[in-house]
Structures are given as C-alpha cells and as structure tokens.
Amino acid sequence: MSLPNQPIYLDNHATTPVDPRVLQAMRPFWEAQFANPASAEHALGRAVADAVEQARDYIAELIGASAAEIILTSGATEANNLAIKGAARFAASQGDPRRRIITLATEHKCVLESVRDLAREGFEPVILPVGADGLLDPEVLRAACDANTLLVSIMAVNNEIGVIQDLATLGAIVKEAGAAFHTDAAQAAGRIPLDVGEIQADLMSLSGHKVYGPRGIGALYVRRRPRMRLAPLFSGGGQERGLRSGTLPAPLVVGFGEACRIAAIEGLLDSGRIAGQRDIFLDKLRAEIPGLVVNAEAAPRVSGNLNVTCPGGVSAQAIMAGAPLVCVSTGSACSSAEVEPSYVLQAIGLEPAAARATLRIGMGRFTSPADAELAAASLAASWHRAASATDKASD
Amino acid sequence: MQRLYLDANATEPMRPEAIAAMAEAMALPGNPSSVHAEGRAARRVLEEAREAIAARFGGRGRDLVFTSGGTEANALAIRGLAAGRRVLVGATEHPAVLAAAGSDAEVVPVLADGTLDLAALEAALKAGGAALVAVMAANNETGVLHPIAAIAELCRTHGALLHLDAVQMPGRLPFGLGPADSLALSAHKLGGPKGVGALLLRPGLDPAPLLTGGGQESGRRGGTEALPAIAGFAAAALCPVPEGLGRLRDAIEAGVRALAPEVIIAGSAAPRLPNTTSLILPGVAAETQVIALDLAGVAVSAGAACSSGKVRQSHVLAAMGFGAEAASAIRVSLPWNAPEDTEARFLAAWGAMREKLAARKR
C-alpha cells in the first residue's frame with residue numbers, strides 16, 4: 001500500500017478545520033457587512049446585529065438553551081475562566097460563605113488553572129480522581145459535595161481520551177447539594193446531544209473551533225431561571241449584558257452560529273460516519289501492532305476519539321517522527337511543545353512510560369475512509385521501524 | 001442608494017489585504033500549539049504576525065500578547081500591572097479602561113480642549129506612592145490626542161508606569177510604544193478583523209494573566225490563538241496610514257460651520273486624529289440627528305458604539321465642560337476608504353437634516 005503524499009489531519013481535538021459552509025457564511029461580514037454590531041444607531045450596524053442574534057439563536061438551540069442565556073466570549077478558555085472565577089467571585093462578593101470548588105483531575109488545563117487561581121483567593125479546591133475508564137464515580141462526587149460546596153465543574157467529554165461523563169446523573173447530585181454546576185462542553189458540542197435542562201447545568205462552555213467553526217470565538221451558557229450570577233473577568237462597553245465587554249467579532253459569531261446550526265442537523269450523522277472511519281483505522285492498527293491498547297476503551301466515548309498506547313518500548317514521539325504526514329498528537333495541544341507525560345493518562349493509571357508511548361487520534365467530519373486506512377498503515381509502518389530499532393539497540 | 005459609512009471609530013471597514021491574509025490562514029487547519037506539520041505551519045504564521053505587528057509599533061515580538069481585542073488588552077495591562085500601585089486614569093478614557101482601573105482609581109481631569117491636565121497629573125503623581133497611569137493616545141469620541149511625550153516625561157520623573165490605550169491611534173496616525181510601558185491595540189479599529197487585539201509591552205514587563213490555562217502566549221493569556229484573525233490583524237497593521245483624511249475632515253467642518261455658525265466642534269482647539277470630528281448642533285438631540293442622517297443613508301454615531309442602542313450622555317464631553325450641549329453631539333469618523341464625494345454627500349445630508357429639524361424647532 002502506498003503511503004500518504006499529503007498530510008492527513010487526525011488531530012480534531014486540537015482544532016477542527018473550518019467547514020466551507022461556515023467560511024461562506026462569514027465572508028460577507030468581513031466585506032460589505034463590516035459594521036460594529038453595537039452600532040444600533042445606523043442601518044449597517046443593525047443589519048450586523050441581526051446576524052449576530054440569529055447566530056446566537058443557533059448556538060442556543062444546539063444545547064437546548066434560549067438565546068438570552070448565551071454570552072459570547074473569545075473561546076472556551078475564556079468561557080471556563082469566566083464561569084469558574086466569575087461564579088466564585090460573585091458569590092463571595094455577596095457574602096456567600098461557601099468556598100469549596102470541585103473539579104476533576106482530568107479537566108482541561110484552563111479549568112484546573114482557574115480553580116488553582118481561586119485557591120489563592122481563599123477558595124478550597126477539591127480535585128476528584130477518575131476511574132481507570134476515565135469516568136467519575138457518582139458516589140465519589142456525592143461524598144465530596146458538602147454544604148460548603150459552591151461550584152462543581154465537570155467536563156462533558158475529555159479532550160485526550162474522549163470519555164463522556166454521565167452529566168445528567170452528576171448534575172442531579174450537584175443540584176441536590178445546592179451547588180452550581182458548570183460543564184466544559186468544548187469537546188462535546190456537535191459530537192453528542194447536549195441539553196442544559198437535562199444536565200441541570202447552570203453554566204456550559206463552548207468553543208467555535210472545535211465544531212468546524214472559526215478560532216477566536218466561544219460562548220458561555222449562563223442559566224436565566226433560576227438566574228446564575230457571575231462577576232465579569234473584565235468590563236468596559238457593557239456588551240453581553242455586562243458579563244463580557246468588547247466589540248463582538250461579528251464574522252466569528254456568524255461563523256460559530258452557522259457551525260452550530262450545521263452541527264445540530266448533521267452531528268449525529270457525522271458521528272455515525274466517523275465511527276466507521278475509526279473502526280477502519282483501529283482494525284488496521286490492531287492487525288499491524290499486536291498488543292496495542294485502547295485507553296478507556298470500555299467507557300462511552302465520542303466516536304472520533306482513539307487514545308492508543310503502543311507496545312515495544314517505542315515512544316509516541318518516535319512514531320510521529322516516522323510518519324510525518326500523519327497529523328496526530330501525544331496529548332492536549334495547548335502547550336504541546338512541553339513533552340511531559342499527560343496528566344490525564346496518569347490520572348487513569350498509566351505509568352509515565354506507557355503515557356509516553358501513547359498517541360491521541362481525533363477523526364472528524366472531513367476524515368475519509370482512505371485517510372483512515374492510509375494513516376493507520378503509515379503509523380504502523382513507523383512503529384515497526386522504531387520497534388525493530390529498539391530491539392536492535394537492546395540486543 | 002449607496003450608503004455613506006462615517007463611523008470608523010466604531011469599526012473600520014476591513015482592508016482587502018487583511019481579508020486576503022485571513023483567507024490564506026483559514027486554509028491552514030492546524031492549531032499553532034500542535035507539534036505536527038499543520039501545527040508548525042500555523043505556528044509560523046502566528047509568529048510572523050507577532051513579529052510584524054510588534055515591529056510596526058516599535059516593540060519586540062516576544063513582548064506582544066495577543067488578546068481578544070482592545071478591551072481585554074486594556075484590562076490585562078491595567079489589572080496585570082497595577083499590583084502595589086495606585087491607578088491614575090484620564091477623565092475621558094474608554095469605559096474599558098475606567099472599568100479595569102476600578103472604583104478606587106484616581107481620575108485626572110482634562111482641559112476644555114479635551115487634552116489631559118498635565119498640572120493635575122503632576123500633582124496627583126506627587127501626592128502619593130508608586131502609580132500606574134492609564135490614558136488613551138486618541139479619544140474615540142472627539143479624536144483629541146493627549147500630550148503623550150509630556151505625560152511620559154512626568155511618569156518617568158515620578159517612577160510611574162504608563163499604559164496607553166492606543167486603540168484609535170494606528171491606522172490614522174503613525175504611532176508606537178515609544179516611552180510608554182504598554183500599549184493596547186485593537187485589530188478592527190485599523191482595518192483588521194474583530195475579535196483580536198494585542199498588548200505590546202516594554203521588555204521586562206510581565207503582567208499577571210486574566211485568562212489562565214493552556215500556557216499560550218508565554219503563560220500571559222490562555223486560549224488557542226485566533227489564527228486567521230491574527231493574520232488579518234498583521235496584514236492590516238502593515239497597511240500605510242491613509243492620507244488626505246485630515247483635509248477631508250477639515251473641509252467637512254468648514255462646510256458645516258458655513259451652513260450653521262451655531263455649531264460647536266468639540267476638541268477642535270487640540271491636536272486631533274485626522275479622521276474624527278464631534279459636531280454639536282445645539283438644541284437638537286444627538287439621537288434625532290443620527291436617525292435623520294441614517295434615513296438619508298449616512299452612518300454616524302452619537303458617541304461610542306459599545307453597548308449603544310440607548311444613547312447616553314457622553315462622559316467625554318461632560319469632562320470637557322459641556323453641559324446640555326453634550327446631548328447634541330454626533331461623531332463623524334472617516335474610514336480609510338472614505339469615497340471622494342464624502343464631503344458633498346455628507347454636507348447635503350447634514351444640511352437637509354438641520355433644515356428639517358430647525359424648522360420643527362420653530
């Protein structure tokens with residue numbers, strides 16, 4: 001079989017390509033419809049504001065919210081910072097005595113760092129462990145939720161191992177304890193059905209560039225009834241009901257809205273097709289690499305995710321270096337230049353050596369069966385070369 | 001009828017160079033933090049943009065932090081550098097700066113021409129301990145330029161840090177970090193896309209982050225960088241500053257004065273941005289003027305765009321000493337691509353508007 005002669009992109013957890021339909025929807029807002037959507041005083045501004053509000057409707061619909069509950073941000077990192085710091089700081093400013101903030105060991109760094117920032121402000125972070133399958137045991141959460149608990153933040157889908165937490169069950173426990181419930185749904189939106197009512201979420205973070213929309217835009221769902229109150233991260237012109245000042249980037253908002261509109265219609269279809277591609281890829285890789293381990297395999301996962309540990313003492317870096325046209329990753333992209341073993345993998349019990357031999361594969365809407373097959377062949381060939389080199393070295 | 005867009009200080013029309021750069025960057029699927037070929041290609045575009053923008057504004061790439069826009073850049077500078085310092089702000093600052101400075105900030109008044117009262121600044125600097133001074137390079141409503149060199153000299157003498165909100169400046173006048181410690185920039189005010197801005201820092205300054213997580217921007221600002229938008233920002237920043245806007249603005253002002261001697265032009269005694277004029281037609285509500293001009297196909301504003309919808313009394317004009325007149329000011333701000341017949345079309349629409357409204361008053 002021939003190896004790829006152009007890059008195959010299997011890193012859809014880091015970022016998704018922009019859907020051409022999204023790009024098309026955005027284009028007019030860079031050109032003729034460039035006005036500031038807050039310029040309600042003139043026709044050009046109002047036309048852009050209408051498009052922004054239409055987009056807000058689409059974003060809300062994807063998660064079963066109403067448009068008035070959507071606060072637009074620069075991305076999921078900002079949404080997570082706003083949700084966690086905003087909820088804690090607002091409550092404290094109102095004399096709320098509760099200080100405990102609960103989250104998971106496998107959360108995205110921006111959630112963990114936001115919680116850590118709050119520790120310096122006198123809050124009490126509680127970082128819960130997950131099982132070997134990456135899932136949070138509801139009883140562990142129940143035991144942690146005491147009367148002092150202000151906020152619980154649990155991601156919907158993990159960005160490395162793709163595990164889907166049972167948010168409806170977990171949300172019910174949080175609500176029973178009277179705490180606020182936040183979920184980082186950046187990796188979940190468009191991949192699994194999300195309904196803020198069913199989850200009983202007070203806050204939900206979303207990202208544009210993980211749903212085939214543009215980078216630089218995201219949203220925070222902020223429940224209206226009963227009203228979830230937040231302190232803003234920064235203020236100014238008073239946009240987004242004072243929770244997030246700054247000129248709305250209309251083209252990005254429109255693109256995000258279009259991406260959500262498409263995801264609501266096609267998400268399930270995508271998911272089924274992507275599962276087919278994943279099976280092609282995994283069957284091939286397993287056949288070629290005996291002893292390959294799929295991490296968190298038994299847990300419910302998004303269909304595009306595979307997190308695989310390779311045997312034979314071969315590092316993921318070496319495998320990637322030997323298959324330079326296959327774009328996969330070793331873990332979360334964020335600061336991926338640092339090549340420490342993933343804390344997510346360590347949290348599910350992988351030894352550092354195994355974590356270093358682990359690849360994250362993220363298939364997406366535009367992954368073809370041929371891509372899946374070629375990528376698997378290329379990675380397997382690279383593994384074989386590296387493994388035999390390792391064997392020789394140890395002879 | 002082709003509409004006449006004269007609300008550039010709310011947002012500039014996009015430069016074609018920026019649209020082209022974004023379209024090109026949009027074709028790169030990678031996350032700049034990913035290590036694979038796609039990620040590295042994205043990283044290259046990101047770092048080239050960073051170097052280009054920093055160089056354009058007199059700084060180093062490693063000292064430039066990309067943000068979601070001017071508001072966040074101002075907040076990052078002021079909140080991130082204020083530790084242990086008093087915060088001094090000008091009375092005519094943008095709400096983003098006033099909000100970031102907080103309710104404890106000391107407000108330095110402006111003179112009747114809109115420029116910062118240097119004597120008051122000096123007195124305030126002398127009065128207390130270490131300070132952070134946050135002022136705008138150019139005012140968004142009147143275009144008035146603060147005397148930055150003199151402000152910087154006072155700050156230097158008294159050991160204060162100087163943050164400049166330069167959001168309205170580039171794209172209208174050549175400008176750079178110069179003697180300041182930090183500079184807030186916004187892409188969409190210089191012909192780039194909305195949703196991106198930057199904070200340019202003097203080497204060695206390291207503000208505490210507002211957004212944490214992920215470690216991007218050297219830990220100063222978490223979040224995946226908005227790459228296509230950043231490429232557009234760089235392309236727009238490199239566009240030449242337009243010529244002739246000052247002449248056009250002056251012609252409009254002369255025309256308005258000829259039509260209506262009662263008109264007051266706020267800040268006209270001070271150095272101003274060449275594209276901005278604040279026209280006060282006494283006795284006629286700004287909102288009424290703006291609506292009439294909008295119906296005639298001319299887009300202007302009654303003040304800052306920010307959270308408009310409702311037109312509030314301008315704190316900028318109030319600080320300059322205007323009373324009731326402040327409610328009668330419209331802002332006309334010329335975009336980089338103002339058409340040649342702008343003067344004639346604006347004066348025709350403005351003249352007709354005044355005739356009609358003056359008749360109604362009688």
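Helices here are DSSP runs of H or I with at least four residues, strands are runs of E with at least two, and both are numbered from the N terminus. I noted the ground rules next. This is a predicted model, where local features need pLDDT of at least 70, side-chain atom pairs count only at pLDDT 80 or more, and totals for chains, interfaces and linings use all residues. Residues are numbered from 1 along each chain as its sequence is written, chains are lettered from A and ligands numbered from 1 in the order in which they are written, and side-chain values use heavy atoms, with hydrogens and water left out.

**Entry 1**

I looked up A:P226 in the loop between β8 and α8 of chain A. A cis peptide bond joins A:R225 to A:P226, with omega at about -10°. I then went to A:R241, which is also placed in the loop between β8 and α8 of chain A. A:R241 is not a glycine, yet its phi is positive, about 55°. I noted A:R241 as partly exposed, because its relative accessibility is 40%; buried means under 20% relative accessible area, exposed over 50%, and partly exposed in between, using a 1.4 Å probe and protein chains only.

In chain B I checked B:S218, which sits in the loop between β8 (197-201) and α7. B:S218 has a positive phi of about 55° and is not a glycine. B:S218 is exposed, at a relative accessible area of 65%. For context, most residues other than glycine have a negative phi, and most peptide bonds are trans.

**Entry 2: the chain interface**

I counted contacts, meaning heavy atoms within 4.5 Å. On this rule 61 residues of chain B touch 61 residues of chain A. The two chains bury about 4,600 Å² between them, 60% of it on carbon and sulfur atoms. That area is the accessible area (1.4 Å probe) that two parts lose on being put together, summed over both. Which three residues supply more than any others of the area that chain B buries against chain A? They are B:M26, B:K194 and B:T212, with 14%.

How many salt bridges cross the interface of chain B and chain A? The rule, a side-chain nitrogen of Lys or Arg within 4 Å of a carboxyl oxygen of Asp or Glu, finds one. B:D294 and A:R46 meet in a salt bridge at 2.7 Å, N to O.

The elements giving two or more residues to the chain B side are α1, α2 (37-56), α3 (70-81), α4 (95-101) and α9 (286-295) of chain B.

**Entry 3: helix α1 of chain B**

I listed the buried residues of α1 (residues 16-26) in chain B: B:A18, B:I19, B:A21, B:M22, B:A25 and B:M26. Seen down the helix axis, they fall within an arc of 165°, so they line one face of α1(B). The arc is that of the directions from the helix axis to the C-beta atoms. I asked what covers them. The cover includes α1 (20-26) of chain A together with α7 (227-237) of chain B.

**Entry 4: A:N12**

A:N12 lies in the loop between β1 (8-9) and α1 of chain A. A:N12 is buried, with a relative accessible area of 5%. Not counting residues up to four places away in sequence, A:N12 touches A:P17, A:R191, A:Y212, A:G362, A:M363, A:G364 and A:T367. The A:N12 side chain reaches the backbone oxygen of A:G362 at 2.9 Å.

**Entry 5: salt bridges within chains**

I found 42 salt bridges over all chains. A:R56 and A:E240 meet in a salt bridge at 2.8 Å, N to O. This pair links distant parts of the chain, with A:R56 in helix α2 (residues 43-62) and A:E240 in the loop between β8 (218-222) and α8 (250-288), 184 residues apart. Both A:R56 and A:E240 are buried.

A:E297 pairs with A:R286 in a salt bridge, the closest N and O atoms being 3.0 Å apart. A:E297 is partly exposed, at 39% relative accessible area, and A:R286 is partly exposed at 34%.

Conventions. Polar contact = N/O pair within 3.5 Å; in protein donor to acceptor, adjacent residues only side chain to side chain.
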